[in-house]
Amino acid sequence: MEKIVSLAKRRGFVFPSSEIYGGFGSCYDFGPLGVEMKNNIKKAWWDEMLKKHEDIVGLDAAILMSPKVWQASGHLTAGFADELVECKKCHHRFRLDEIQNSQCLECGGELIKSRKFNLMMKTFVGSVENEATLTYLRAETCQGIYVNFKNVLQTMRLKIPFGIAQIGKAFRNEITPKDFIYRTREFEQMELQWFCAPKTADKFFDYWKKERINWYLNLGIKKADLRVKEVPKNELPHYAKRALDIEYKFPFGWKEIEGVHNRGDWDLSNHSRNSGEDLKYEGYFPYIIETSVGVDRSLFAFLCDAYIEVSGGRTKTTKATKEVETMLKFHKSLAPIKVAVLPLVKNKPAIIKKAEEVYQILKPHFNCQYDETDSIGRRYRRQDEIGTVFCLTIDFESLEKNDLTIRNRDTMKQERVKIKNIKECLEKLL
Ligand code: GAP
C-alpha cells in the first residue's frame, strides 16, 4: 500500500489537496496522469453503458438541488447517517462499525455512547445564511436522475425497461475517511438507474450484476481479486430491497468498489408523494435497479491490480539486474500514456530530429510522451513504471531505413516498423 501511494504521488497520479497548506481533510487532487486515467475509466464506463446497450441514455444533473429532494429521498432522516462514537479524552470520532472494543483507536481513552451522524454536506445558496437558504451537496448522483425521470421519459420517447446513466461528483461528510482515495469526502460516481416493471426486477438485478463484474474482468482486473457479497437484510441501505457489493481485494483487505441495488419503488413513489408530480408509468411505479461505482475508488482498484514488482532485471541494464523493477500493467484502454517516443541517444542531432518528427505525427492522436534524458534502459523503466503501453525507439538504423522499433510493455518484444506506417500500426494495436 505504501509503495502504491508513493508511486501515485511521485509519478503524478494523485496529490493531497491543498498540500502546501498541510493538506485538507482527506481530499485529493488528480495529477496529470491521474486525470488521464480517470477520463479513461469514465469513457470505458460511458461507452459500456451507452454504446453497448440500445436502451440507455445519459444525463448531467446539477450538484445543487432543492433540499426537498433530500427530504423525500430519506437522506436527511435516520436513513443516511453513520453510528458515531467519540473518545472522552482526545475527542477523536469513529464509526461504530470500526470499533473492536470500547477503547479509542488513537489514545486508548474511553469512548462515549454512540449517536447518529448525518453525512450530508451543508451549504447555503444565496447571500443570506439561514434555514431558508440551506441546502446540501448531493450525496449520491442518482437523485438527479429520479427527479428528471419524467423529463427524460417524455423527451426521449422511451419505453420501460430503459436506463439513465450519469457520471458526477458526490459529497459525504465521512466521519473517518481513510485508506488513501478509498473513502474520501468528495468523490465521483458513475451510476446507472435501470427502470423496469416490478416483476422483472429480479431478472434485471442478476443481469446487471453479471454485466458489472464482466466490465472489471474485461478491463484486466484479476478474477481472484473480485468477489460478490450479498448485503444482509439488517445492513441494507434505507432505500434498498436487495443489495450486493462487488468487492475488490485491496492491500488492506476485501472492500466494496461497487453496489448493485434493487431500490424498488422507493425513490419514484417518495418523489411523487412529496412533489405532487405523478411519476407513474402506465399506472404503476417502475422499480429501479441501480449500479453505482466510484471513479476514484475504481481507479484505486485498477492501480493496485496493475502494480507489479519484477526482480532480476527485466530490462537488462547493468544496474537493473540488482534492482526490483516496478510496473503498472494497466489494460491498454486505461493506461494514461499510450506511447513514449525515445531517441536512442541524445547527442546525434539527426536522431533527435527524427524522433521529434515521430512525436509530432503521433501527438494529436495518442497520449504521448517524449523523453531523451538518461540511458535507454532507464527510460524504458520509467515508462514501465507508469504503465505506458508502447515505447518507440529511434536509432541509427532508423536514419537509413526510415523506421523505428516498437517495444511492447508486457512482452518486451521489439519490432521494426516503418515510420510512415506507425500511426496505423498503433491504431490497430491500441
Ligand atoms: N446511489 C447509491 C449509492 O450511492 P453507495 O454504496 O453509498 O451507493 C456507491 O455508493 C459507490 O460510490 C461505492 O461502491 C463507492 O465506489 C463510491 N463511494 C461511496 N462513498 C464513497 C466515499 N466516501 N469515497 C469514495 N467513494 C465512495
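Which helix gives the most residues to the lining of the second largest pocket? In this predicted model, the contributor is H3, with 4 residues.

**View 1. The second largest pocket and the helices that line it.** This pocket has a volume of about 260 Å³. Its lining is made of 14 residues, and those nearest the centre are Val69, Val147, His271, Ser275 and Glu277. Helix H3 (67-73), helix H5 (149-155) and helix H7 (266-275) each give two or more residues to this lining. By class, the lining residues are 5 nonpolar, 6 polar and 3 charged.

**View 2. The centre of the largest pocket.** The space in the largest pocket amounts to about 1600 Å³. Among its 46 lining residues, Asp82, Arg95, Asp97, Arg172 and Glu256 are the closest to the centre. The lining as a whole comprises 22 charged, 15 nonpolar and 9 polar residues.

**View 3. Elements and domains around the largest pocket.** Strands S4 (81-87), S10 (186-196), S12 (242-250), S13 (253-264) and S14 (287-294), together with helix H8 (295-306), each supply at least two lining residues. Of the contributors to this lining, S13 gives the most, with 7 residues. Domain 1 (2-66 + 124-303) and domain 2 (77-119) each provide at least three residues of the lining.

**View 4. Helix H10, a mostly covered helix.** The buried positions are Gly377, Arg379, Tyr380, Arg381, Gln383, Asp384 and Glu385. Just after H10, Gly387 adopts a positive phi of about 80 degrees.

Conventions
Residues numbered from 1 in each chain as written. Predicted model: local features only at pLDDT ≥ 70, side-chain atom pairs only at ≥ 80, totals over all residues. Heavy atoms only, no water. Buried < 20%, exposed > 50% of the residue type's maximum accessible area, 1.4 Å probe, protein only. 1 Å grid on protein atoms, 1.4 Å probe; cavity = no way out; pocket = protein on both sides within 12 Å on 5 of 7 lines; lining within 4 Å. Points joined across faces, edges and corners; volume = space filled by probe spheres on them. Nonpolar A, V, L, I, M, F, W, Y, C, P; charged D, E, K, R; others polar. Domains from an automatic or database assignment.
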